[in-house]
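Subject: Structure handover

Hello,

Please find the structure below. My notes on it follow.

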Amino acid sequence: MKMKTISRIVFLVVFFVISVLLFDLAQPVEPKKDSLQSGQAQPQAKETDKKEKEKAANIRFWITIIVALVVGFVGREGIRALFKYIRRKKRRFSTIRTAKSRYCSLLREKLGHIEMFGAPAIESKAVKLEDAFVSLRITRDWKCDHRFEPQENIETLEMGRHLTPEEVMKRAFQDCRLLLVIGDPGSGKTTLLKYYAVSCLNKRHRRLGFKRKVLPLYFPLRELEFAKGKNEEEEKIAPVTLPNNLAAWSGRHMVDIPVKQFQDWLQNRKTLVLFDGLDEISSKDQRKKVCRWIANTCAGLENACFVLTSRATGYRKLDGIELEARHLRADIMDFSPRQQEAFLKKWFQAVCLSEFPTEEMPKKEWKQKQLIRAEKHSQVIIDFLKKEENKALQELAAVPMLLQIMAIMWKDWKHLPRTRPALYDAALNYLLEHRDRQRDIQPLLPAKESRLVLSPTALWMQEDLEQDEVQKQEMHRYMEPILNTLEGQPEASTFCSYLRDRTGVIADYDSQHYIFRHKSFREFLAGIQLKEKAHQTGRINMLISCFNEDWWEEPIRFFMSESNDKIFDQFMELFFKNSVSQQLDDHRQTLLQHLIKDAPQKKIDALVNALNSEDLNDNQKRYVMDCLKIIGTPEAIEAIETFIEKSKEDEANLDHARDIVWELTPETRKVEKLAEKDRLTSRPDSFRNLFEDNVEYIKIPGGTYKYSVTEKMVTVPDLYFCKYPVTNKRYRRFIAFLEGGEREFIKELPLDMFSEKLLLFSKSNEGFSKYLGENFKEFSDNLRSSYDDNKKYNSDDQPVVAVTWYAARAYCFWLSCLEAVINRGKKLEDIKDIQGLASLYRLPTEMEWEWAAGGEPDGSIREYPWPKEKGEPNSNLANYGENVGATTPVGRYPEGATPHGLMDMAGNVWEWMENLYSKEIKYPALRGGSWRVDASDLRCSARNYYVPHVQWGSDGFRVLLGLAPSL
């Protein structure tokens, strides 16, 4: 027998004997019989107590035997191994706790504070994020197929329109593990990620919908490391693994955490991965790879949830940049007036309380004084922004970053610039010079000289580096020759330290890199430098060649905002000669229109020449006319009139040109003059509606066909359909009328008389009457679009959305009343037949709409509204499938028009119908599909429905006029 076995047996016997002896010594001593007899307790109770003690003793005995056997079996080596295991686990647990605490400390340091940009005395005291954070307003546009739910659930879906950051997080991770957050520059995307991270770090995970603690993992995508090909010159293949990137980021901030540690966290515990700034990756191809990488990473990490932020320009389906993983998309909206007030009050409180208290005043008294001072400052700017004459500033104040800049300047200047470029310009001058001079501090360089260095540096980063961060030594080398041209110049390293420590224009990205604290400032400075270099040969052509690149969008806009009439004219001339203008998607058409609006001086010579050129295709001529429409001067309108007079009848853009001229000449006198010109009339079977900016109504000849819903033959009479869905511009005239504007209409149609008739009309439907209410002063608020302040949907030419079925019917009734009193000479008070009055202008029924959308002379119905030879849906025919991500201006898809010329009958917005969906589903029907539906919903037979009193971001409407309804 082996010695090891003998040793184990001996150890077992000895341990067993010792255990039995110890157990015997631990037994309780029984009381003596005399003692028992002398006690007062009853014998029966004592007997029960004795049995319980014996039972417990037996249990302890057998536990001791089992422990002795186990310990004896494993021997000394087993006991040593057990203690080694415990010590190893303890060390590992300690290491994990240390790594986690160090990483969380890093996140608190990097994300836990809001940089109170530019505030005096703020450098000495950081402001906690949670003290200054104002909850953002986020919209979630549910896919339309979510609406085909049981009727009792459909009304709850409206909760998804405007959500708080907490509600978005809860909603996102119910069905998927990836949240995509889209926002404009300065909208607060990074601040939102910081808020999510801080909430998790401070154990407030339940407010985000997590039942247990969550470890946040933050990563800015601009620092993403890619694996390279075999050769250095080869294109970057794909990002390296997430743990590697996370470890590299923490290492750059002097917190070394092993890759395996991140792997362990991601695999074995609940984590929230926060990806910031997809748009800050300049290459579209790299962004595509990053989207695939995120989708694959999400699929492989079941315990992790993900949030990804991007500008809208950095995430576009039409560019092939799309997340393939199941995700929820949320869009950050502009600040509402209430949010602006809350932000300003918190901001001024944070600034005032961050100043050093005076020694002679008690701390409590000083704090109260500062709060009163903050309230006074904030209320003055709030009242200033509410004034009607400051409407342009109200739009700027809706952007969080711009609002903060405005607060800074107001605090010291008590006035504000009026435009976005002027606001950036003033903010930079303030940071670079004026703030210090107000405190009797001499700036290192005057603002003008500092900008002589910063502007070319910004353009160098934009054009050559194509990234937002730059190595410190590299920036010093670039700035040095420019600084040498200035009198009394500092060294580049000194100048950069000044820019970082005193002005706050740049910041340390890490120990080796600088970054502009706000990307928009770098883009603004790059745009300024581009304007200075506009005279260089080929410079404007270079800009035009970058027109389709998202990375260049903001610098080009700032460049145009600083241009003069010569630069504007030269840009337009070269742009329409360049092949880049031959086919523009919706986003680029919108960008072109922004350039027109942003330009301070607009010379039209080049645009007029382009319109009359034989070298431009039909698309380009349409874009030129849209530019002239925005300029809107008499000369611009005259140029389009000249185009009409010279055009042949088969000119592709003739109707579009007519629409522009009629819309821009709404006054009755001018309209009558236009009507005398035969070339300006659209077609014999149409008319222009003076009440709606002369929009065209097209006659749709009646016919008989098999209706898709009942499969029975039905007959539709001749009808006039509006060429376009109702736009924001036209709908706002209705709201303005209700508020006492539109004096010409009120003169013919008094408000009190209209309100009386509208109330009578609403009583035909119990829900309508309840929705409208009895107080006419509240009608405008009840009927207004809830997206009227959402710049994603609210431009003049976009179709109005988020209007209820009742609001659509009220608009139609308004047109009917105007028709009766102005065109037909009736007295409204004499009209008793309210339903007859309401039948003049109204919503179409499904039978009428289906025939107008797809009816053929032989009585058949096309599958889609456009002619059959154009085939299946594509991005040139309609706005659908979230290709654009929002509604588009009406008429932007002329290729998708019906043979009669009706626009947007497929996609863009669902259109309210007059009738209910069915006897079982008593909700109003919808037709036409929308910007977010699949191709199948663009069919002429596709149907939908929705709650009549709820506003939805996909629902609009189109108006028809009966051929000759009588009163």
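Strands are DSSP runs of E with at least two residues, helices are runs of H or I with at least four, and both are numbered from the N terminus.

First, the ground rules. This is a predicted model, where local features need pLDDT of at least 70, side-chain atom pairs count only at pLDDT 80 or more, and totals for chains, interfaces and linings use all residues. Residues are numbered from 1 along each chain as its sequence is written, and side-chain values use heavy atoms, without hydrogens and water.

**Around strand 22**

Strand 22 has antiparallel partners. Three bridges join strand 21 (residues 910-916) to strand 22. Two strands pair if DSSP finds at least two bridges between them. Glutamate 911 stands opposite arginine 927. Another three bridges join strand 22 to strand 23 (residues 943-945), again antiparallel. There, leucine 926 has asparagine 944 as its bridge partner.

**The chain overall**

The protein chain has 36 helices and 25 strands. Of its 967 residues, 54% count as buried. The chain exposes about 45,100 Å², and carbon and sulfur atoms supply 51% of that. Accessible areas come from the Shrake-Rupley method with a 1.4 Å probe; for residues, only the protein chains shown count as cover. Among contacts between residues at least 6 apart in sequence, 70% join residues at least 24 apart. Contact means heavy atoms within 4.5 Å.

Three strands form an open antiparallel sheet in the order 12-14-13. Strand 12 (469-471) and strand 13 (506-508) are the edges; each has a single partner strand, so one side of each lacks a neighbour in the sheet. Neighbouring strands are turned by 35 degrees against each other on average, direction ignored. Three bridges join strand 13 to strand 14 (residues 513-516). Aspartate 508 has tyrosine 514 in strand 14 as its bridge partner. Helix 18 (residues 492-503) lies across strand 13 and strand 14, at about 95 degrees to strand 13. Axes are lines fitted to C-alpha atoms, for helices over the stretch in contact, and angles run from 0 to 180 degrees between N-to-C directions.

**A hairpin**

Strand 15 (residues 686-689) and strand 16 (residues 695-700) pair antiparallel over four bridges. Phenylalanine 687 has tyrosine 697 as its bridge partner. Five residues sit between the strands, and aspartate 693 takes a positive phi near 55 degrees.

**Two single residues**

Serine 310 lies in strand 10 (residues 304-310). Its relative accessible area is 0%, so serine 310 is buried. Leaving aside neighbours within four places in sequence, serine 310 is in contact with residues including Val181, Lys189, Asp279 and Tyr315.

Alanine 227 lies in strand 7 (residues 226-227). At 31% relative accessibility, alanine 227 counts as partly exposed. Alanine 227 and proline 239 are 12 residues apart in sequence and 5.7 Å apart in space, C-alpha to C-alpha.

Best regards

Key. Buried means under 20% relative accessible area, exposed over 50%, partly exposed in between (1.4 Å probe, protein chains only).
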